[in-house]
Structure formats: C-alpha cells, structure tokens
Amino acid sequence: MNVSLFVTCLGDLFSPDVGIATVKVLEHFGCTVDFPDDQTCCGQPQYNNGYPGEARTLAERMIRVFKNSQYVVTPSGSCCAMVREHYPVLFKDDKQWENDALEFVAKTYELVEFLTKVLKADITGLALPKPMAVTYHFTCHTRGLHMNESPAINILKNLGNATFVPLDKFDQCCGFGGTFAIKYTDISAAIVKDKVTCGNATHADVMIVNDAGCAMNIGGACHRYGAQFKPQHLAQLLAAAIDNKQH
Amino acid sequence: MPTTLDNLPPSAGATGSDKVHAADLPRGMALPVFNPDFKAAAHLSSADDLLHAAHENSIVKKWYDRRNLLATDLPDGDGLRALAGNIKAHTLDHLDYYLEQFEANVIKNGGHVHFASNAEEANQLVVQIAKQTNSKLVVKSKSMVSEETELNHALIAAGIETVETDLGELIVQVANDHPSHLVYPIIHMRAKQIGEVFAKFFKVPFTDDPQVLAEMARVYLRERFNTADMGVSGVNFGVAETGSIVICTNEGNGRMCTSRMRVHVALMGMEKLIPRFQDLPVFLKLLARSAAGQPLTQYSNIITGPKRAGEFDGPEEFHVVIMDNGRSRILASDYRDTLRCIRCGACLNACPIYRKVGGHTYGSIYPGPIGALITPLFNGLEHHEHLPQATSLCGACYEACPVKINIPEMLIAMKGDLKLVGKVPWYEKWVFRMWTIGLKSKFAYVLGQKMQRFAMRHLFKSKDGWVTKLPGPAKGWTEVRDFPQPPKKSFRELWKERRQNSV
C-alpha cells in the first residue's frame, strides 16, 4: 500500500517526532511511505477565520501536491477534517475543480482512522518498553471524521504495558481553537486549565492528544501550571512499542 | 396593523439575488440586550469557580446523560436527528403554506390567530386581549418569545398583574434578574441567593433549604392559579395539520396555565410549526433527551382549541399570537437553518465556552452556540461582533443538535460577514493575505519556518524549551500558558536525513 504523508504545517515545525513516528507506524503495518515535500498547509486557519478565498487557494495547491497519491495519511485530526468537511464546501459546484477535490477528499485519512478502517491493523504483540498509565483526550475534530473515542481507546486497551484510565470530560474541548486561544484568552485559559485538572486526576503518565494544536495548548498549560502527565500522540506510543519489539 | 401572510416573502427555496446577507438584516434591536460588553463579562465569568461548579453539577451532567441515552435508548439516534432536521428544513421551505394551514385549523377548532410583525405589536395584541376579556391576573408558563418582547413589562405597565409559574422563571422575575439558560433559567444562582430573594419577597425568615423554598413557591402559585383570569404560554411545537399546539414542561405549570383560566394566549415563533400530527413523536423523542437526558418531560400537553360544548375543562377563549420579529428576514438569508431550532438547550450544555462563561455573558436572552448565531441575526452583527468569534469550533453543538443545525459552519460564515460590517481591523486582513502568500511557495514556507524557529529559539523569552512571552497579537497565549519552542530540525529536514541514511 502506497501512502503519502501529510505532516501538516504545525507538525512539520513543532512536532517532527510525531511525523517520524507516523512513518514508522505505517511502515510497520506494511505501507510504503513517501513525503511530497511541496506540501505546506491545508488552509484551515484561513477558512476558520472567515477567509474562504485564501483557504481555497491553499486547498487547490494541496490537491495538486497529492494528485498522484493513492492514500494521504495525516497524524492531525483537524487537518483531515478540514479536507473532508470543508473542501467539499469550498469546491461545491465548481466544474473545473470539484472532481479532483472530491477524489482528494476520498483518499485522505487521519492516522487512527487509517489504521482501524483501511489497514485493520492488528497490534497484538506490541508492548511499550515499560508499564505506563495512559489516558485519552478526544480531540474535537475527530467529530468531523465521524469517529468517536472507541478506535483510539481500543488500541490503548490492547497495547501491552499500557493501562488505560478514562479521562473525566474526555470530549470537552481543550480550548485551543486556533485564533480563539489568543483572541479570547480568558475563556481559553479556563478551558485548558480544566483539561489539565482532569488529566492530573487520572494520575496517568501520558495523555494521548492526536492533534498538534491541542498538544501545544495542553503542553503549554502543563508546563506553566505543573502536571503529572505529558501529552503525546498515539503514533509516538506505537512507535516506541515497535522499536521495543525490534530490540 | 399586524402582518398578514401577504407580507411574508415568497422565500421557499430563495436563492441568488433573493438571498439576504447578515449585513442586510434589520438594525433594530429585536432582542433586548442587558449586557452589551461580551469581553468584559467573559473576563469575570471565566474566572467564576462557583459558576463553573454549578454548571458541572447540572448541564455538564445532562450532556453525558443525553449522550448515553441517545446511544442506548433509541435504535438509531443519529438517524432520528437527521429525520427531525429534514422535517424542519421542509417546513421552512414551505412555511407560508403551513402557516396558512395552521391558521385555518386553529380557527376551525374555535380559536383565534393573530400575526405580530414585531415585539411591540405582539405585546399590544396580548394586552388588548387581556383588556377585552377583563383579565386582571395573568399566569405565565415559559415562553422565550415573551422574553423577546419583554411582555411582562408591557402587561404590568397596563395595570395587569403578571406572575411567572415556572419555578426558575418565578425566581428570575422576583429577583429582577435574567434567565441564563434556555431551559434552566436559574442555573447561575445558588440556593443561598434564592433563599435571600424569597425571604425578601415572601417576607419570611431566611432559609436555603431547597424543599422549603419550593414549597413556598408552590403554595404561592397554587393561589395564583386559582384566581388567575388568563394564562400565557409558549409553544414547543405547532401542528399545522390539526391546528394543535404542544407544550412540554417538567413542572406541570404548562397544564395549569392553560386549563383553569378563562383565556389562554399562546405565543409562538413563526418557525415553530411541524407539518403533521404523525411528525410529532420524532420531536418528542428528541426534545427531552437532548435538553435534559431524560426520555420525556413529565407533562406533554397537546391543545387543540378552547373548551368545546359539553367539555368540563379548558379555557373559553384560545388565542395564538404568531411572531415574526425578524424571523422572515432570517428565513431569506444564508442562516435560515437556525430557524430549525426547537430551543432544547443541548448546544448550551455541550459548549465549552458556555460552560465557562454562562448565559449572562452572551448579553441577551439567547445564549450559547445558537444564541451566538441568532442574537447577531436579530439585532445586527455590528452590535454583537464577539459572539460568532468566541468559539473554538469544536463542533460539540453540531453533535448535540437534535435537528442537525450546522452551527460551526454558520459561525465561520458569520465571521466572514464581519468584514461587511467593518468589524475586522485592516491589519488582520493583511496578515491573513500575507500568510497565504507565504504558504503558496515551498521556498517561502521553508524560509518562514526557519525564521519562526530562530525567533522562538533565540529571540523570545523562554525557559526549558518553552517560550514564556510571545510578542504582538500572540501575546494572549503566553499570558496564560507557555508555547513550545520548535525543535532544532523540522520534519522535512529529518526526512531528508532519514532518506540519506537508508540509501
């Protein structure tokens, strides 16, 4: 299976290790991964802030960059949701672009979604290097992928040496919301503090956060206010288990 | 003169040049605004731990009850929501037809129908009916339309005593406060505050025991029900086919206000119709589950006209006042889907912003995600610029909505409309344009990455790999949390190395 990695603009700069881990995980489950390095950004910030023209420009570029890909997989739920939910809106009734856009929409997946629905990955035999308590934050844009919390939690429950602890208000937003976090600072702060409090209450070592924006927001709050847990992407845990197996 | 059907726009499926943009919507304040400064209010409420605790114990719990109930209690909760949304969309597409059908059937059943184009007309109509029927005491069950029009003030100014009978609304009335939730008006109040309000109103010693307080209200309201001349209610659903109205309450005050009095006046937003009686179960199955995480409200009253010959119970006169107040303009706009709303409040319960700031922060009677859309639509976007922006676009409201209103998509569209009313600073537009240009070429993008990395690793104030002070418009972030420094190498640089190492 040939997969092109869509690493995302935030992931490229702020969490390259998540990108590397994603590649490792996909290769472990039998994919050949390439990285079309012309990729930049899907246009989500432009779209969310009411600049559909600018978003459309970047969307056209994305479609072109991944034109020859069989599958496009991203570790970011929000960027995947941008493509799947909003590209059809941006290109609706456009005779020139609509077909290409819908083709791109149909082949773009988020990592957990891809592992579960397409690869039907069996993680039996994978175990973390040492025992860890793990909890799960339901990143908001997973809703846009029509997924609930079950696929990710099933993986965590089946992962060796990982003890899953449920997070109180697991599906409550972390308070990032892009420009919301800098424009409505008071409200964003109250929401992220709530998330850190709930995380601390689980006494988990790791909180799974499958989106760069959320991870930066929660991580930044953890560092400022103190937390017992660290936010990590599920790809990083799986990659650690894969490395562990090979040793 | 009240509006007739002739004045409603032929808006069934209006497209293209018929469409009304948010910027064109009426400037008049159709909704009363009791708090115009969203940001100042949010600053206080987002730090209010007591408010947050009150929300935890009530609406947050109802959110999870709702989630569980819809997943376990109905064979296809999601499918039912889609059906409800489609029924509402169809009704809105043919609203003129269904309003005519509803009116004809109410009249056939012995009732009266009045059309009010705005709040003032609605109030005049109700006061007129009260005077014509010699009604001195009015009891009210919950009506959001009456909050829009501030009906109580109009009745009292005309010398007609008016008493709210929903316990929460009674407390709000007596405390001279405002409701903070569509369904639970006093979610922002603690037992102690209610005790103080009742001690003053009933002239009794203070108690904060909820049982005692409820009993005080019950005894008081019982006497009011016994002597009232007229009952004013809202309408949850109007059934066009039969001319019936449906009222759902947990307290039974809906039934008390509409059966024992000589006159019953029902206030209905014009969008509250459903086509047929057989469509009603779809909505009854969803309303209480969405609002309260319970299968049904304690009382669901279906009223089809006044007391008929030979019947014991019921009012002698039944009036429906159908309210426009800007709804017909919203129907012709890109935001017509907001008229599907059945006022369940599920989106409020779902919303991380509502949970932290509470209903009063939104400034008018419709808070939460739906309020963030319809308050600007009723009153003018330039008066409520923060409402569509104070969202993290998490989508929980869309997940919550029993009629599948795509609130996030419309919030985004409304943010775009802000430019049309001059509420976007010139530099913001410039920033987004420059940013997009920078993302159009790989060279500019990589250069931008390197500049960002350099600034964050070497220029901005930082500690242990985290930036503690960001400059300019981003400073809001570091006021309340740290920002990670980019690692030394980007993904594309690591990928290149990985490639080279494996060759």
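Domain bounds, as used here, come from an automatic or database domain assignment. On that basis, chain B is divided into domain 1 (32-39 + 77-329) and domain 2 (445-502), and 56 Å separate the centres of these two domains of chain B, taken over C-alpha atoms. The model is predicted: local features need pLDDT of at least 70, side-chain atom pairs count only at pLDDT 80 or more, and totals for chains, interfaces and linings use all residues. Residues are numbered from 1 along each chain as its sequence is written, while chains are lettered from A and ligands numbered from 1 in the order in which they are written.

**Chain A**

- Chain A contains twelve helices and eight strands, these being DSSP runs numbered from the N terminus (helices: H or I, at least four residues; strands: E, at least two).
- Buried residues, those with 20 or more other C-beta atoms within 10 Å of their own, C-beta atoms being placed from the backbone, make up 59% of the 247 residues in chain A.
- The C-alpha atoms of chain A occupy a box of roughly 55 × 45 × 30 Å along the principal axes.

**Positive phi in chain B**

- B:Arg343, a residue other than glycine, has a positive phi near 55° and is found in the loop between helix 13 (327-331) and helix 14 (346-350) of chain B.
- B:Arg343 counts as partly exposed because it has 17 C-beta neighbours inside 10 Å, partly exposed lying between buried and exposed (12 or fewer).
- B:Leu393, likewise not a glycine, has a positive phi of about 55° and is found in the loop between helix 16 (368-379) and helix 17 (396-400) of chain B.
- With 27 C-beta neighbours inside 10 Å, B:Leu393 counts as buried.
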